[in-house]
Amino acid sequence: MKQFNRRDFIKAAGAGAAGAATASLAGCASSQQAVTPARQGSSVIGLVAPKMEVVRVGFIGVGQRGYGHVKRMSAIAGTEIKAICDTHQEVLERSVEFVVNNGQPKPTAYGDSDYAYRDMLARDDIDIVIISTPWQWHAPMAIDTMTSGKHAFVEVPLALTVEEMWELVDTAERTQMNCMMMENVNYGRDELMVLNMVRQGVFGELLHGEAAYIHELRWQMKEITHKTGSWRTAWHTKRNGNLYPTHGLGPVSQYMNINRGDRFDYLTSMSSPALGRAAYAQREFPPEHSRNQMEFIAGDMNTTLIKTVKGRSIMVQHDTTTPRPYSRHNLIQGTNGVFAGFPNRIALEQGGDKSFHEWEYDMQPWYDKYDHPLWQKMGAQAEHNGGHGGMDFLMFWRMIYCLRNGEPLDQDVYDGAAWSVISPLSTQSVASRSESLSIPDFTRGAWKSATPLGIVGA
């Protein structure tokens, strides 16, 4: 691995991250969102890092998500947790203690300031960094990580503005470091099975997809000083668009070979009124409470429509406010039929047990025939180690497997940018009477010849 001078890194990081952190607070995308800047390095599609016998890991952010990541990484062979950083001392100590109690060497703790993570990045005994911090820190921390010569693995969304997306792409290409957004839903059993079915042509030629993040989270408003709600609630006062598009969109994008034979072309977006959060605050908090002083502008339901270059359509929805059952939707329609999730069901013109006018709800025969090889091999272990039914563990296992065996990661910086950019662009579209907006081609044309994600074994 290339050696980086610590002083030069910290100097560069101070300039780059500060600018990115400021940009990330912007509510809307730049009006130049369709402009494609010149490439500064080589494409990282199919990037293969030198094989690592042992993957040495650092963590930034170990609150709710990050602590679970520490636990699951500790269960994967061929890894060493070298350092952990968090500004909240309690969760920092909890994660360090877990590693020690798990029989592993004590990792170095960092956390005396917001930028203590840079001291961790200046080390030369860390290969990858797992970033699980509030959204506005994702891009600057990932940029700093790659600049320091380490691979960045970032919680969703990858970034918050079009400008940040391009800076991440440019940094990955310039440094030839991986920058993967950890979209765990791509590793769910159902999503992997449907990917396998799509690749085997079960649904025919793909036409349309639907994706969502419908998850009532008003209760997070009661997290005032710590935990996710302490910072996530405020985003409902800053943006009126799809605040969190990637959980449903990631799998549908992989079904459709987005950035690998097709790409997003343009979108249009609209939001419902923003009523639920204010009503909840009035009901659950005293009138003088800070939650009742907030002006919530994010529509309770946002619906965004995406058109791809090949003409396919995708509907993406976001709702974390209204009282309704959880759903990621996960629908894929082809010329021979359709799969839909929540609940799982299938209807096929040819190859099903019923007429396509009726849903088939018994999924066991389909699991028996089309379960993804990764799940067939690792599903039991994934469920044992947990994380959203095992998808979190399988994602980490697969990341480490690729790094140790010199294989490309399943998701790259272009995927993370394309899926995440729907948030700022939807915000701009909503503000412009659902104006149709072009979606940047972060691959700079490389999508035309990129190889679709295959059905890999374990």
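Select Arg-433 to begin: at 80% relative accessibility, this residue counts as exposed. The model on your screen is predicted. Arg-433 sits in the loop between helix 15 (422-431) and strand 14 (437-438). Check its backbone: phi is near 55 degrees, a positive value in a residue other than glycine. Most residues other than glycine have a negative phi.

Now pick His-329. Its phi is also positive, near 65 degrees, and this residue is not a glycine either. His-329 belongs to the loop between strand 10 (313-319) and strand 11 (331-334). Is His-329 buried or exposed? At 18% relative accessibility, His-329 counts as buried, because the cut-off for buried is under 20%.

**Two cis peptide bonds**

Go to Pro-157, in the loop between strand 5 (151-154) and helix 6. The peptide bond that reaches Pro-157 from Val-156 is cis, with omega near -5 degrees. Next, select Phe-342 and Pro-343. The bond from Phe-342 to Pro-343 is cis as well, with omega near 0 degrees. Pro-343 lies in the loop between strand 12 (337-340) and strand 13 (345-348). For context, most peptide bonds are trans.

**The nonpolar cores**

Select Met-120, Leu-168, Cys-179, Phe-203, Phe-264, Ile-306 and Val-413. These residues have the most contacts inside the largest nonpolar core, which has 80 residues. Which helix gives the most to this core? Color helix 6 (residues 162-175): its contribution is 6 residues.

Stay with Phe-203 and show its surroundings. Neighbours within four places in sequence are left aside here. Among its contacts are Val-194, Met-197 and Val-198. Others include Ile-332, Gly-334, Thr-335, Asn-336, Gly-337, Val-338 and Phe-339. Ile-346 and Leu-348 also touch Phe-203.

**A covered helix**

Select helix 14 (residues 413-420). How many of its residues are buried? The count is 8 of 8, so the helix is mostly covered, with buried meaning under 20% relative accessible area. Val-413, Tyr-414, Asp-415 and Gly-416 are among these buried residues. Ala-417, Ala-418, Trp-419 and Ser-420 are buried too. Now show what they pack against: helix 6, strand 6 (179-181), helix 9 (246-255), strand 8 (264-271) and helix 15.

**Helix 13 and its partners**

Show helix 2 (residues 64-74) with helix 13 (residues 391-405). Their axes come within 10 Å and cross at roughly 60 degrees. That angle makes helix 2 oblique to helix 13. The crossing is right-handed. On helix 2, display Arg-65, His-69, Arg-72 and Met-73. On helix 13, display Asp-392, Phe-393, Phe-396 and Ile-400, which complete the contact. By class, the residues are 4 nonpolar, 1 polar and 3 charged.

From helix 12, pick Leu-374, Trp-375, Met-378, Gln-381, Ala-382 and Asn-385. They meet Phe-393, Leu-394, Trp-397 and Arg-398 in helix 13. What classes make up this contact of helix 12 with helix 13? There are 7 nonpolar, 2 polar and 1 charged residues.

How values were computed. Residues numbered from 1 in each chain as written. Predicted model: local features only at pLDDT ≥ 70, side-chain atom pairs only at ≥ 80, totals over all residues. Heavy atoms only, no water. Axes fitted to C-alpha atoms, helices over the stretch in contact; angles between N-to-C directions. Helix = DSSP H or I, 4+ residues; strand = E, 2+ residues; numbered from the N terminus. Parallel < 35°, antiparallel > 145°, perpendicular 65-115°, else oblique. Left-handed = near helix turned anticlockwise from the far one by under 90°. Contact = heavy atoms within 4.5 Å. Nonpolar A, V, L, I, M, F, W, Y, C, P; charged D, E, K, R; others polar. Core = buried A, V, L, I, M, F, W, Y, C linked by side-chain atoms within 4.5 Å. Buried < 20%, exposed > 50% of the residue type's maximum accessible area, 1.4 Å probe, protein only.
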